Each structure stands twice: as C-alpha cells, then as structure tokens.
Protein chains: 2
Amino acid sequence: MAPRTVAPPPDGHARVRMTVAYDGAPFHGFATNPDVRTVQDDLHEALSKVLRAPISVTCAGRTDRGVHARGQVVSFDADAGHFDAVALTRALNRMLAPEISVRDVALAAPDFDARISCVARSYRYRVLNSAWPDPLVRDLVWHVREPLEIGTMQLAADQILGEHDFTSFSKKNKSKVNETFVRTVDRAQWCRVGNTVQLEITANAFTRQMVRSLVGMFVEVGRGRRRPDEMGEALRAMSRTAVPSPAPPQGLELTRAHYPGDV
Amino acid sequence: MAPRTVAPPPDGHARVRMTVAYDGAPFHGFATNPDVRTVQDDLHEALSKVLRAPISVTCAGRTDRGVHARGQVVSFDADAGHFDAVALTRALNRMLAPEISVRDVALAAPDFDARISCVARSYRYRVLNSAWPDPLVRDLVWHVREPLEIGTMQLAADQILGEHDFTSFSKKNKSKVNETFVRTVDRAQWCRVGNTVQLEITANAFTRQMVRSLVGMFVEVGRGRRRPDEMGEALRAMSRTAVPSPAPPQGLELTRAHYPGDV
C-alpha cells in the first residue's frame, strides 16, 4: 500500500491519540452505523459532549461485531486551547463505562493518524479447550471440547509467516474496488495457558475476518481433521470455499496497534 | 459443629454428586427463592425435567447474589434404575447453558451430603489493580485504581489463620438462633498475577459475607489506610462497625469444595 499523507489539524487544534478497551458483545462492531450501536458512535457521542464540538475519530483496526479490544487506538482533533488529557480521560470514562474504557490520552504529532500511521496490528484469539464450558469466560473464548494438538497448529501457523495473499481467509468488502488481500504476517504463535489455547498474531494489517478464518483452519488442524500442510494449500487455492467456517468473534481481541517510535 | 447424620437415599434411588460452575451475575444467589432467579431453582427445574421426578439439591456453599462458582458441589437422589451420568450431564448442559455449566456427575456413597460431608471450602477473590478499568473482565473483578501493597495485605492475612470468631466480618442471619461465627482458616494467600491481585482462601466453612468483608479490610491495608495489625484488633472487636464495607460480589468465586478421600 502506498504511503498516504495526513492532513494536519485545523488552526488552533491539536491531534490527539487515545487508546481504548472495549467489550465487543454489546456492539455491532467498531465502525459507525446509524441503525445499530457501535463503538465509534459511542466514542463520537461522548467526545462531542465533553469537548463541546463535533468530533470524528479514525481507528487502527475496525473490529467486527462481537470482537473485543484492549489496545484499539483512535485519533481526532481537539481545541488546543482547552485541552486537558487527565480531565478528558476521567470525563470519558464516566460516560463510556462499563463497556468502553479509555486507557490513555495524549497529544500526538500533527501528521499522526491512527489508521495510516499504524505499521502493525496484534490480535489474540482464545480457545477454551476443556471438557466443560466455563460460564465465567463464555464471552471471551471459543469453547472447543475435543483435545487440541498445539504442535500441529503451530506447524500450520508457521506457513502463514511472511507475505501472502489471504483471499481464502478474507470476507470481501463489496464497496471496495480492486481490494487486495496481500498482507505480511510477522508473528503467529500458539501457546497453552492452563486449559486455554491462544494465538498471538501480528501483521502489517488484516483483511476482514482474517484472524477468525485462520483460527477456524488452525482448530481443524488441532482436532486432526486437516493436516498442517493443508494451510499452504488453502492459501494457494485463493477461495473461501477451501477453508472451514471462521471461528466465532467472542474469542478475538485487538491487543495492540504499533506505531513508529513506540517503545 | 457436631457431626450430623445423613439419611440414605430412598429405596431404588442412588445418591448423586455433581460439580457445577456458574456466572453469578444473573442470579440472586444460590439459595432457592420464589421471587427471584436463583441457581438452586434453575438446577431444580432442569433436574426435575430431565429425571422426570421432583429433585431437591443441597450444596457445599450457599453463594450470595452476584458471587461466581467454578467448584460448587451439590448432591441429590435419583432413580438408580435409569441413571446415566454422561446422558444426564449432556442434557443438563443443554438446558442450563450458558450461565450454568455441569462439570461432573458421579454416583456417591449413600451417606454423602454436599453440605454436611464437606470438610473445607476454597474461594478466590480477584482485585484488578490497574489505572484503567478493563471492560473485558468487569464482571469478574473488583477494580481498585490505587496501587496495592501486597506485602502488608499478606501480613494482615496471616492474622486470620487458625480458629477465630469472625463476628466482625459476618452478616448475621436473622432466622438463625445461637448462630456461631467461629471458623478455622487453613490458608489465606495473596498473590499478584499480571495486574490482578488475588486472594486464595480456604476454611472449614465461611460465615455470610465473610470473604468479601475480609477483602474489604485487606484492600484498606493494601492502600495504606489501615495497618496490618488492625486486622487482629478488628477480629477482637467482635463488631461489624470496626471494619470497612465488604468488597463487591463480582470479584468472588467458590473454587472448590473439599471432601474426605478426594484426590
């Protein structure tokens, strides 16, 4: 993707970077939608009230319906004269609780844009691999009863590292022409934590439903229904019909958006 | 407490031991109540339907409104002729999901009683000790912003080990005459897991609101508002007015009920 230029804030305004966490369950995804409740609309409403001006945010990753975030980053412009990060965080947290939480608010460079400046995104997917469903974490995991073989799941994950065309693992966006599904995966690591089997995955960007579609395939491998090398075959097939159904959204969480210069 | 005898199952019936997990949020506690939704009533309804006979259960620990469990144990009697633990588990999990989950069903000795046979109970209390509230676990933790000093909390916890009168940390049950608040604490261990500070506590039995009242005090110590040795003073005061408010219910979970012979 070609580098894009970011317009600076209007006169007297400052660019703001804000990190938010949210429970995806009550929202129909991040992106604004006049018909249903979304994270972006809740943010717009709260920010516009607190800052007494219409505010519009851009985000690092437009999470789908039911997907959680602990490290979503948004950017917007605010009147520089009255800007107070601590007071803004406190006021927003009062208005947005308990479904959304503001972790951090800070002034950013005038050319910062949460989406365009973002060089990589990290997601986590949690599978509860246990004989009984756990009511306490039911909204945070995909429950899979059959024992999963994490070794073969990792062999499959190794095959998506680097640059690939993820057409087979993507939901097409009908409104986009010449949509490309080529992405570069930097990390795809499965690990077992107690009775939870979880994937940590980082890429320059993700296509729609990419992580969930990949996890659907990984879990079929872990169950022994597919061989690890079928992951490579599925990538080359360039067709959604070559892969199993996507994993459900509640196991997925946007954990971090990466920017140049972040420590 | 004097040992109590347990009546055997009626002719043709077997005593059953069942371990259940539940999300406390939608329930007004465990104990049956005609006016509100309770765990016990949900269990009675499901068991009576599946086993086609009125079933009544006893439990290891009557958790209060909003308190969770992963290791609650109940016992009841079922027709021995048609008993099938696997089929019963499956049918119950279909009916009780997603708020309640059946972990295990097994035949027990005729003199087994989930409450009377239970020699000890273990609870866990989770405090999220972070600058920002976490929407993903908001129903599983008490969020405390101020940094907690776990060392002084442990010093306070050491003072409740052994047999004590927990009158100061108990909600009286108005319907009980000669209620005693003497209990024996076997373990009270604070540990930090990431940004969560959690207490693991085991006692022969607990009085009403005992863990939450103790946690309310421990957290005041961790915040530096009380000294660790004020825990001993609070115990000796034998008065609820000597202690802070109880911690909220959503941080509490019944993790295990202990029985003789369990491995």
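**Domains, helix packing and chain contacts**

Tutor: The domain assignment of chain A, which is automatic or comes from a database, gives domain 1 (13–107) and domain 2 (120–258). The model is predicted, with local features requiring pLDDT of at least 70 and side-chain atom pairs pLDDT 80 or more, whereas totals for chains, interfaces and linings use all residues. Residues are numbered from 1 along each chain as its sequence is written, and chains are lettered from A and ligands numbered from 1 in the order in which they are written.

Student: How do you know how far apart the centres of domain 1 and domain 2 of chain A are, and how many residues of each are in contact?

Tutor: Taken over C-alpha atoms, the centres of domain 1 and domain 2 of chain A are 27 Å apart. Contact requires C-beta atoms, placed from the backbone, within 7 Å, and 15 residues of domain 1 of chain A are in contact with eleven residues of domain 2 of chain A. The side of domain 1 that touches domain 2 in chain A has five nonpolar, seven polar and three charged residues (nonpolar: Ala, Val, Leu, Ile, Met, Phe, Trp, Tyr, Cys and Pro; charged: Asp, Glu, Lys and Arg; polar: the others, Gly among them).

Student: Why is H3(A) called oblique to H4(A)?

Tutor: Helix H3 (residues 150–158) and helix H4 (residues 210–222) of chain A pack at about 140°, with their axes 8 Å apart. Angles run from 0 to 180 degrees between the N-to-C directions of lines fitted to C-alpha atoms over the stretch in contact. Under 35 degrees is roughly parallel, over 145 roughly antiparallel, 65 to 115 roughly perpendicular and the rest oblique, and the angle therefore makes H3(A) oblique to H4(A). The contact joins A:Ile150, A:Thr152, A:Met153, A:Ala156 and A:Ala157 of H3(A) to A:Met217, A:Phe218, A:Val221 and A:Gly222 of H4(A), and by class these divide into seven nonpolar, two polar and no charged residues.

Student: What makes H3(B) parallel, oblique or perpendicular to H4(B)?

Tutor: In chain B, the axes of helix H3 (residues 150–158) and helix H4 (residues 210–222) come within 8 Å and cross at roughly 140°, which makes H3(B) oblique to H4(B). Among the residues making this contact are B:Met153 of H3(B) and B:Phe218 of H4(B), and the contact has seven nonpolar, two polar and no charged residues.

Student: Which elements of chain B give two or more residues to the side that touches chain A?

Tutor: In total, 20 residues of chain B are in contact with 20 residues of chain A. Strands E1 (13–22), E3 (68–79) and E4 (100–107) of chain B each give two or more residues to that side, and the largest share, four residues, comes from E4(B). By class, the side of chain B that touches chain A has eleven nonpolar, three polar and six charged residues.

Student: How do you know that the bond joining A:Ala97 and A:Pro98 is cis?

Tutor: Omega is about 0° for the cis peptide bond that joins A:Ala97 and A:Pro98, and A:Pro98 is in the loop between helix H2 (85–96) and strand E4 (100–107) of chain A. The peptide bond from B:Ala97 to B:Pro98 is also cis, with omega near 0°.

Key:
Two residues are in contact if their C-beta atoms, placed from the backbone, lie within 7 Å.
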